[in-house]
Each structure stands twice: as structure tokens, then as C-alpha cells.
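Welcome to this short tour of a structure. Please take a moment to look it over, and then we can walk through its parts together.

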Amino acid sequence: MVTVRTTLLAALVAFSSSPLAAQSEIRLTGAGATFPYPIYSKWVLEYTKTRPHIEINYQSIGSGGGIRQFMDRTVDFGATDGPMADSQIAAVRGNVLHIPTVLGAVVPVYFLEGVSQQLRFTPELLSGIFLGQITNWNDSRIAAANPGVTLPNRDIVVVHRSDGSGTTYVWTDYLSKVSPEWLRRVGRSTSVSWPVGLGGRGNEGVASTVRRTPGAIGYVELVYAVQNRIAYGLVRNRSGQFVNATLASTTAAAAGAMATIPASTDFRISITDPAAADAYPIASFTWILLPREATDATRARALLEFLWWATHEGQRFATELGYAALPARVVELVEQRLRTVSAGGRPVLPAGYGGRAARRG
Amino acid sequence: MTSAPAAPPREARPRASGEWQALRGVSRGDVVYRVVLTALALILPALLLIIAGELVVGAWPAIRQFGAGFLTRSVWDPVVGDFGALPLIVGTLYTSLVAMVIAVPLALGVAIFLTEFAPRWLRRPVATLVELLAAVPSVIYGLWGVFVLLPVLRDGLWPMLRPALSWLPFFRGAFYGPSVLAAGVILSIMVLPYIAAVSREVLLAVPASQREGALALGATRWETVWTVILPYGRAGIVGAVILGLGRALGETMAVTMLIGNRHEISLSLIEPGYTIAAAIANEFAEAATDIHLSALVYIALVLFGLSVLINAIARWLIWRVARGSAAGSSAL
């Protein structure tokens with residue numbers, strides 16, 4: 001109901017101020033990350049259902065492509081799983097906002113015949129395995145973290161993404177935080193120089209290799225592991241708890257990380273390895289990129305209203321599709337950021353925009 | 001463009017230039033026709049040059065930073081922005097070599113069987129079925145490879161062959177499935193229809209008189225094939241093999257699904273590797289930095305150069321073997 005009323009109000013306001021703008025079609029284009037594509041297309045579908053004059057076209061071409069197209073201004077908004085680098089932000093003269101939309105988690109998946117319990121991984125185990133220092137499943141270090149589990153004498157086959165990917169960014173960002181050696185030898189990026197292992201193309205490439213190779217371990221998006229029923233392990237977080245990756249524990253990771261982040265953040269923050277007790281440690285935002293100073297007020301307004309809706313009412317579609325919703329504190333900050341967008345020196349959103357809807361939604 | 005559209009009759013007396021003009025420009029339509037055709041014919045070579053130029057421009061930052069050392073170094077680290085393409089080049093050539101070693105004898109066997117030995121009613125259906133292999137999309141080959149070929153190789157064939165082969169340097173290491181061998185086998189299946197179909201056409205073009213002559217001299221059918229028919233069509237067969245090789249070098253999707261995508265040089269067939277086309281497909285969309293992107297364009301340029309080189313060698317080979325007997329070279 002609230003949505004409908006807000007829409008009507010918005011339409012009325014728009015109509016009274018500039019009748020032509022309200023009638024004419026607005027076409028927004030965006031491009032970028034593949035990970036949030038299902039939720040973005042759901043949002044577009046739901047949002048434009050009640051607003052037939054708006055058309056939003058999102059192409060999932062990958063985060064790198066999203067950033068490049070955004071920098072070239074060939075799209076209205078970009079989308080990325082990894083934040084823009086400082087040099088990239090300097091190249092657009094700082095004219096960019098990172099707006100987090102949903103959260104994703106990355107889980108270690110494995111295939112071990114005869115092991116039915118959910119394995120437990122410590123940060124040291126994960127970095128040791130992916131650095132190629134722990135090479136057999138019967139290693140005493142794995143056994144120590146998994147009391148009561150009989151581990152087979154089998155080579156560990158590491159499987160990683162061969163294509164550049166935000167998933168890899170989150171995974172290597174986590175390993176860089178928990179292992180100084182990983183940071184020194186490998187580092188964090190959408191594609192890295194892997195010390196060991198086989199490369200699979202896409203989540204499905206990693207998953208199918210893991211599922212067909214006894215002794216394999218890899219990493220995929222939580223959504224993907226759940227939908228395809230692949231065994232994934234618990235990961236020990238900074239406060240010493242072994243946490244199962246769920247939508248709730250992913251949202252908790254963001255909430256935990258935000259506790260120490262100042263309100264003025266530009267959201268280019270890593271939320272891996274947070275301190276909160278119930279947080280799953282390998283999680284990340286996915287962002288939409290939009291210009292801070294828009295050239296066309298009407299189009300900017302349409303985009304901001306869509307993002308406002310997506311980060312409020314739209315969040316309920318997130319869980320259905322396996323994404324973790326933003327914690328309340330983040331939504332609050334997102335509202336502040338969206339209000340700062342201006343066109344021709346004047347704010348795009350009116351001062352009281354979304355006041356009631358935000359509080360109820 | 002070497003021969004004029006209308007050659008004058010030989011016995012004609014020399015004409016004044018005005019008369020020539022009148023003859024050549026019989027109608028305005030001819031002129032337009034020629035200009036349009038010339039333009040169309042020049043579009044493709046121009047496109048080739050534009051592609052090469054674009055590649056050089058895109059690769060320029062990487063060429064300046066890494067120079068020729070790019071071709072001989074093995075590091076590929078997007079995090080620090082240091083790139084070398086040797087494992088990719090070796091992997092590309094190695095998988096193609098494996099594919100050709102498997103595919104060429106098979107394809108020639110198919111072609112010889114279909115033209116010389118098969119009963120007439122069997123020829124058309126088998127030829128059609130072999131050619132149908134070329135119609136299967138490469139991602140389907142990739143999927144088939146993941147679901148059927150890898151398990152068969154790893155769990156079926158390898159345990160049997162391991163005791164006999166593991167001493168060879170080509171079969172060192174642990175076999176997890178995705179490997180140069182798997183990629184080579186899938187490539188061989190993919191290029192087989194091209195080689196088989198073209199070779200078959202070439203062998204069909206061998207005149208019956210050649211066969212009859214050999215048989216009349218008392219050759220067995222095997223000797224006829226080996227000493228008369230194959231040598232007669234060798235130029236065309238070399239062309240068929242090069243056509244297959246070209247396809248193997250550039251194949252992307254099926255290879256990346258089966259090769260393991262590992263930036264390392266290994267002589268072992270059962271270890272993972274990487275190819276140029278696979279690396280470009282994998283990393284292009286998410287290349288994080290400009291130098292990463294430029295390095296990818298640089299390897300694309302290398303692949304382009306490799307293809308040109310191989311085609312040049314093929315031309316030269318055909319030119320050499322075609323002297324004397326030219327049957328089938330028309331099939332190119």
C-alpha cells in the first residue's frame with residue numbers, strides 16, 4: 001500500500017512540476033556484475049510493473065566491464081562486486097557513489113566420499129590449503145579442527161575460478177586478511193596468480209569440477225552452493241566461533257563490520273573477517289555505481305527512486321533469491337548518500353523524499 | 001584483378017585509345033558493377049588490417065612495458081601487474097599438437113574408407129554423420145567432456161594405462177581430470193570432421209584413371225591408396241590438416257572447460273595447462289587494471305600472429321607439394 005501511495009504521490013509531484021517529463025518514457029541502462037544479476041532483474045521486473053513509463057535495462061557483463069562502462073559514461077549506472085580503485089575514482093574526478101544493494105557470502109565447498117559431517121575450517125586451514133602447504137585430507141591440522149571426523153588419506157585438489165570474478169575478490173580478500181603469507185605471495189584481486197590448483201570457469205565450472213573430483217575443495221557463492229546442494233564447510237570467525245554461512249549470518253557480518261565504520265564512509269569497505277560473534281567471515285557487499293553529480297535531473301531522479309525502492313521495499317525479494325539483506329544501519333547511510341546526488345548544483349531528491357516510506361518499510 | 005574483364009581477340013589489329021575507351025566502357029552498368037565488386041573484395045582484407053591495427057594499439061601499453069620478454073616469461077600475476085605468455089603459447093601449441101596427432105590419422109582413415117573401401121550404400125550416411133560433428137556447438141563438446149570424457153579418462157582408462165605409461169615424462173604427476181590430454185582429445189573430435197570432409201573431397205577428385213592404372217599394374221588396393229591416391233591428393237590433404245589446426249588453435253569454450261586453466265608449463269599430458277584463447281575468454285570481462293587488459297590484447301595479438309604464421313607455412317607447404325601434382329588444391 002505504502003509503495004502505491006508513494007508512487008502516486010511521486011507521479012503527482014512530477015506531473016505538476018513538469019508534465020512532459022512524467023509522460024515521456026525514461027530508459028535507464030546499467031551494466032556490470034553477474035553475481036547480483038538475478039536480484040537486479042527481479043527488482044527491475046517488480047519495479048517497472050507499477051511504473052510503465054520507466055524502462056531499466058541491466059546487462060551482466062562482469063564487474064570489470066561494469067566499472068569501465070561506468071567510467072566511460074556509456075551507462076546510467078554500473079554494478080560491481082569489488083569497489084573501484086582509487087586510481088579509477090581519480091579518473092572520474094571523484095564523481096561516483098558506491099551504493100551497496102545486497103550481500104553475498106562465499107563458502108568453501110568440497111567433495112569427500114564417506115564424510116557426512118559438515119567440515120570445519122579455520123582461517124589457517126583455508127590459507128594453508130590454498131597456498132598448497134596442506135596437501136592431504138588426513139593432515140593433522142585438519143583433524144585438529146574436526147574432532148570425531150574420519151578423514152580419508154586423499155590428495156587435496158584445489159579448485160579456483162579461472163575467470164576474473166568478484167567471488168575471487170572476496171575469497172582472496174579474506175585470505176589476505178587472515179594470512180600475512182597469502183597477502184605477501186598472492187594478494188587480493190578479481191583474478192590472482194594461484195599457488196596451486198585447477199581453474200574452473202564460473203561458479204558452475206568450480207562446482208562441477210569439485211563435485212566430480214574426489215578430494216577437491218573450491219569456493220563458490222553461497223546461493224550457488226545452496227541451490228545445487230553442494231557440501232560446504234563451517235568457517236571459524238574472528239571471535240572463535242565456527243559459523244555456518246546463512247543469509248542471517250551474512251547480514252550479521254555486515255552489521256558487525258559497520259559497527260566500526262564511520263558514518264561518512266564511501267562504502268568501499270571490506271566486511272570480511274569482522275569481529276561480531278555470529279558473523280560469517282567471508283561476505284561482501286555488491287555495489288551499484290552512479291555519478292554524484294548527474295547531468296540530467298530527470299533521469300537521475302528516476303535512478304535514485306529505483307535505488308531507494310531497491311534498498312527498502314526491494315530487500316524482501318533478496319532473501320527469496322538467496323541474497324542477504326542489508327542491515328538497517330547500512331540502509332540508513334544509503335538514504336543519506338542518495339540524498340547527496342545533485343544535478344546542476346541542486347539536489348535531485350526533494351528534501352522530504354521517502355520519509356514515511358522509509359520508516360515503515 | 002590481373003586479367004581484364006574482356007580480353008581483345010588476338011587477331012584484332014591495334015586500336016586507337018579512343019576505341020579502347022569505347023570498348024571498355026560498353027555501359028555505365030559495367031563500371032558500377034566493377035567498382036562495387038572491387039569495394040566488396042577489398043572490405044575483408046581491410047578488416048584484417050583494421051583488426052591487426054586495433055590489436056597493436058590495445059596491446060601497446062603491455063608491449064612497451066614487457067617487450068618481447070612477454071613471450072618468454074611464465075609469470076601471470078594480475079595483482080602486481082606482471083605478465084608473461086609463455087605457458088599460454090606452449091599450452092596452445094601443445095593441445096593443438098595432441099589434437100592433430102589423434103585427429104589426422106583418424107580423419108584420413110575415415111576419408112580413405114569412405115572413398116575407396118566403403119560399400120556404396122554406406123558412404124553417404126557415414127559422411128553426413130561425420131560432418132554433423134562439425135555442427136555441434138563447442139559448449140556442448142565442453143559439457144560432454146566434463147560429464148563423460150573426464151570420468152572415462154580418469155576412472156576408466158587411466159587406472160589401466162598407469163602402470164604401463166607412468167614412467168614416461170608425458171604421464172608424470174597426478175591425474176585429476178582437467179588436463180592437456182582431455183583438452184587435446186576434445187579438440188581432436190572437434191577438428192576431425194573438417195579434416196575428414198575436406199580430405200574426402202580431395203580423394204574424390206582423384207581421377208578414376210589413376211586408380212585403374214595402379215590396379216592394372218598389379219597394385220593391391222592398399223598399395224593403390226598409399227602410392228597413388230594419397231600422393232596425388234597430398235596438397236589438398238595438407239590444406240585439410242591446416243584447416244583443422246587453425247580451428248584447434250582458436251577453440252575456446254570446450255578447451256577452457258577441460259584444460260584446468262593453470263598458468264604453468266608441463267610436459268605431462270595429464271597435468272592442467274592453459275591456452276591463449278581460453279585465457280582471453282576467462283579474464284577479459286573482469287580484467288581489473290589497464291595493464292591486465294593490455295596484456296590480454298597482447299596475447300590476442302600473439303595468437304593472431306601465430307595463426308598468420310601457420311597459414312603462411314601451410315601456403316608454402318602446399319606450394320611445395322603441389323608442384324607436379326595439383327589435384328585437390330582446388331579444394332582449398
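Which residue is the bridge partner of Val109(A) in strand 8 of chain A? The partner is Gly218(A). Keep in mind as you read on that this is a predicted model.

**The sheet of chain A**

Strand 4 and strand 8 of chain A pair in the antiparallel sense, over 6 bridges. Strand 8 of chain A also pairs with strand 6 of chain A; these two run parallel and are joined by 2 bridges. Here Val158(A) stands opposite Ile217(A) in strand 8 of chain A.

Strand 6 of chain A, residues 157-161, pairs with strand 7 of chain A in the parallel sense over 3 bridges. In that pairing, Arg161(A) stands opposite Gly200(A) in strand 7 of chain A.

| Strands of chain A | Sense | Bridges |
|---|---|---|
| Strand 4 and strand 8 | antiparallel | 6 bridges |
| Strand 6 and strand 8 | parallel | 2 bridges |
| Strand 6 and strand 7 | parallel | 3 bridges |

Now for the whole sheet. In chain A, 8 strands form an open sheet with mixed pairing, and their order is 2-1-3-11-4-8-6-7. Strand 2 (54-60) and strand 7 (198-200) of chain A stand at the edges; each has a single partner strand, so one side of each is left without a neighbour in the sheet. From one strand to the next, the twist averages 25°. Helix 12 of chain A, residues 247-258, packs on this sheet and touches strand 4 (97-111) and strand 11 (283-290) of chain A. The direction of helix 12 makes about 130° with that of strand 4 of chain A.

**A covered helix**

Another helix to find is helix 13 of chain A, residues 297-311. At 1.5 Å a residue, its 15 residues should span 21 Å, and its end C-alpha atoms are 21 Å apart, which agrees. Helix 13 of chain A is mostly covered, with 12 of its 15 residues buried. Among them are Leu303(A), Leu304(A), Phe306(A), Trp308(A) and Trp309(A), and the buried residues also include Arg301(A) and Glu305(A).

**Loops of chain A**

Glu113(A) lies in the loop between strand 4 and strand 5 (120-121) of chain A. With 8 other C-beta atoms within 10 Å, Glu113(A) is exposed. Glu113(A) and Pro152(A) are 39 residues apart in sequence, and their C-alpha atoms are 8.3 Å apart in space.

Arg229(A) sits in the loop between helix 11 (222-227) and strand 9 (234-236) of chain A. Although Arg229(A) is not a glycine, it has a positive phi of about 50°. Is Arg229(A) buried or exposed? Arg229(A) is exposed, with 7 other C-beta atoms within 10 Å.

Phe267(A), in the loop between helix 12 and strand 11 of chain A, has a positive phi of about 70° and is not a glycine either. Phe267(A) is partly exposed, with 17 other C-beta atoms within 10 Å.

**Chain A as a whole**

Stepping back, chain A has 16 helices and 14 strands. For its 361 residues, a compact globule would have a radius of gyration near 21 Å; chain A has 22 Å, which agrees. The C-alpha trace of chain A spans about 75 × 40 × 35 Å along its principal axes. Of the 361 residues in chain A, 51% are buried.

Note on methods:
Residues numbered from 1 in each chain as written. Chains lettered and ligands numbered in written order. Predicted model: local features only at pLDDT ≥ 70, side-chain atom pairs only at ≥ 80, totals over all residues. Pairing = 2+ DSSP bridges. Helix = DSSP H or I, 4+ residues; strand = E, 2+ residues; numbered from the N terminus. Axes fitted to C-alpha atoms, helices over the stretch in contact; angles between N-to-C directions. Contact = placed C-beta atoms within 7 Å. Expected span 1.5 Å × (residues − 1). Buried ≥ 20, exposed ≤ 12 C-beta atoms within 10 Å, placed from the backbone. Rg over C-alpha atoms; globule rule 2.2 N^0.38 Å.
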